[in-house]
Amino acid sequence: MLIKNAVCALPLDDVPVRADIRIRGEKIIEVALHLTEGSGEEVLDAQNLEIFPGGIDPHVHFDEPGFTHREDFLHGSMAAARGGVTSVIDMPCTSLPPVTTLDNLRTKLAAMGNRSVVDFALYGGISGHRIEEALAVDMEALAPFVVGFKCYFISGMESFTAVDHYGFGRALEMAASLGRPLLVHAEDPGIVIPASAAMRKRAVVENRDATWADYCDSRPESAELSAVASALACAGANAHALHIVHVGTAEAAELVSAGLPGQGRGATCETCPHYLAFSRDDFETCLSSLKTAPPVKSAGQANRLWKLLAEGKISFAASDHAPAPPHEKQTGSPWTDYGGIPGTGTLLPYLYSEGYRQKKLDMRAFVRVTSGAAAERYGLAGAKGSLRPGMDADLVFIDPRMSHNVRGGELLSRGTITPFEGMVLNGSVRMTMVRGRFVWLAAEAERRGNAEDGIRVEAGYGKNLVWGYM
């Protein structure tokens, strides 16, 4: 296939340039200002469209097996494709069994079957209740089949419990020796647990129902900052293997970027669109649709996070995609409402509209935070995250003249409750290509009047990236 006349985000340029892209099989084989059509070659005129590397969402919870009433790989990957995401990395904790052993990994892969429509990879998990087994056997056994490991400093899951600081430091040393990053949910239980108890008591003393202010106060910014400081202190010389997920507090991201004296090549972190778009004040209108853990922070944090993202002090953005149905998401109490949103479908469109188009991110920064840095961090940069010859033909085609109104019921996820509901985003993902095949065509969805008809590949087209690239 020859794609002509698009405005492309090429790796050696600071601004988009008009170029042609030739694809053969699954790969980009040529990029140039003017390419001549070959005999019998399919030609796509992409006039008026912008082409970027397909997005990489390195933090999704597709919940399979065990919690597929919330999400599964088919629907989650369709939502990703619609939003211009061509690769996802699935978390190990929100499945039964969790991916903490090689046998559990095999169980998960069997349950997933061949249903993803975009490429994917998995993380292994480290649960506090079996930390010794992880260090002795499981991490080394899992390492060849995962792109990293995940643990929690605070967890509400009986099947995936928090690690203490001593266990964390040992696990990080092991991860570094295996050449894999260790991701950590960084909130300090020494703050969150007593603060939660205090906020519950406050409501009782004041003779009122719990409020969203109570929930936010139970997980304050200090909990994130304290946990990040602890993680860095435990890391020592292994800081290069440390990655902090879903950072919502600017001071915490700044600490990650600065590191501690003598740590050399340091830790990395990510943020999410909801921390860039909302503050705790927005709970008044968004209610449970905005609930995540950690929660969004005080007004003013978002602007600081945008700046850190643009500067590269926050490496990339991820969705933390974790939807739930209404009966779990809308229980009537901030304490029991499920924490998580369907984010993979809005990740790249939001960053394009409110980052790139609003000039908070230049072209290089936009490509870095949506694909390039995650590809580099998780060992996929040889094939993903750039529009250059030899790379997988993972492309997202955006019409900058169009806009779209976010509707949760049209995201293709099993989850439909989103805080982005009704938000008008500039730009529209018109086509998404994974390894040379179109997986999403907006025009087909519009012609047939059904979003799912825009998915143009059979379930199972997506492949496991670990087997293919590492």
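# Helix pairs, pockets and a cavity

Modeller: Let's start with a helix pair in this predicted model: H7 and H8 cross in a right-handed way.

Biologist: Which residues of H8 make the contact with H7?

Modeller: H7 covers residues 221-235 and H8 covers residues 250-258. On the H7 side, the contact uses Glu224, Leu225, Val228, Ala229 and Leu232. Their partners on H8 are Glu251, Ala252, Leu255 and Val256.

Biologist: How many residues of that H7 and H8 contact are charged?

Modeller: Seven residues of the contact are nonpolar, and no polar ones take part. That leaves the charged class, and its count is two.

Biologist: Are H7 and H8 roughly parallel or roughly antiparallel?

Modeller: Their axes come within 8 Å and cross at roughly 15°. Angles under 35 degrees count as roughly parallel. So H7 and H8 are roughly parallel.

Biologist: And H13 and H14, are they roughly parallel or roughly antiparallel?

Modeller: H13 (residues 347-356) and H14 (residues 363-377) have axes 11 Å apart, and they pack at about 155°. An angle over 145 degrees counts as roughly antiparallel. H13 and H14 are therefore roughly antiparallel.

Biologist: Which residues of H14 make the contact with H13?

Modeller: The crossing here is right-handed. H13 brings Leu348, Leu351, Tyr352 and Tyr356 to the contact. From H14 come Met363, Phe366 and Thr370.

Biologist: Which element gives the most residues to the lining of the largest cavity?

Modeller: Asn426, Gly427, Ser428 and Val429 are among the residues that line this cavity. The elements giving two or more residues are H13, S15 (395-405) and S16 (424-434). With four residues, the one that gives the most is S16.

Biologist: Now the pockets. Which element gives the most to the lining of the largest pocket?

Modeller: That pocket holds about 900 Å³ of space. Its lining counts 33 residues, with Gly156, Met157, Arg219, Ala293 and Gly339 nearest the centre. S10 (149-152), H5 (189-205) and H6 (212-218) each supply at least two of the lining residues. The most, three residues, comes from H5.

Biologist: How many charged residues line the largest pocket?

Modeller: The lining has 12 nonpolar residues and 14 polar ones. The charged residues of that lining number seven.

Biologist: Which element has the largest share of the lining of the second largest pocket?

Modeller: About 400 Å³ of space lies in this pocket. Of its 24 lining residues, Arg82, His404, Glu410, Ser428 and Trp440 are closest to the centre. H1 (73-82), S15, S16 and H15 (442-448) each give at least two residues to the lining. The largest share, four residues, belongs to S15.

Biologist: How many nonpolar residues line the second largest pocket?

Modeller: Five of the lining residues are charged and nine are polar. The nonpolar ones number 10.

Technical notes. Residues are numbered from 1 along each chain as its sequence is written. This is a predicted model: local features need pLDDT of at least 70, side-chain atom pairs count only at pLDDT 80 or more; totals for chains, interfaces and linings use all residues. Side-chain values use heavy atoms; hydrogens and water are left out. Axes are lines fitted to C-alpha atoms, for helices over the stretch in contact, and angles run from 0 to 180 degrees between N-to-C directions. Angles under 35 degrees count as roughly parallel, over 145 as roughly antiparallel, 65 to 115 as roughly perpendicular and the rest as oblique. A crossing is left-handed if the near helix is turned anticlockwise from the far one by less than a right angle, and right-handed if clockwise. Contact means heavy atoms within 4.5 Å. On a 1 Å grid over the protein atoms alone, a cavity is a set of points where a 1.4 Å probe fits but cannot get out, and a pocket is an open set with protein on both sides within 12 Å along at least five of seven lines; lining residues have an atom within 4 Å of a point. Grid points are joined across faces, edges and corners, and a volume is the space filled by probe spheres set on the points. Ala, Val, Leu, Ile, Met, Phe, Trp, Tyr, Cys and Pro count as nonpolar, Asp, Glu, Lys and Arg as charged, and the others, Gly among them, as polar.
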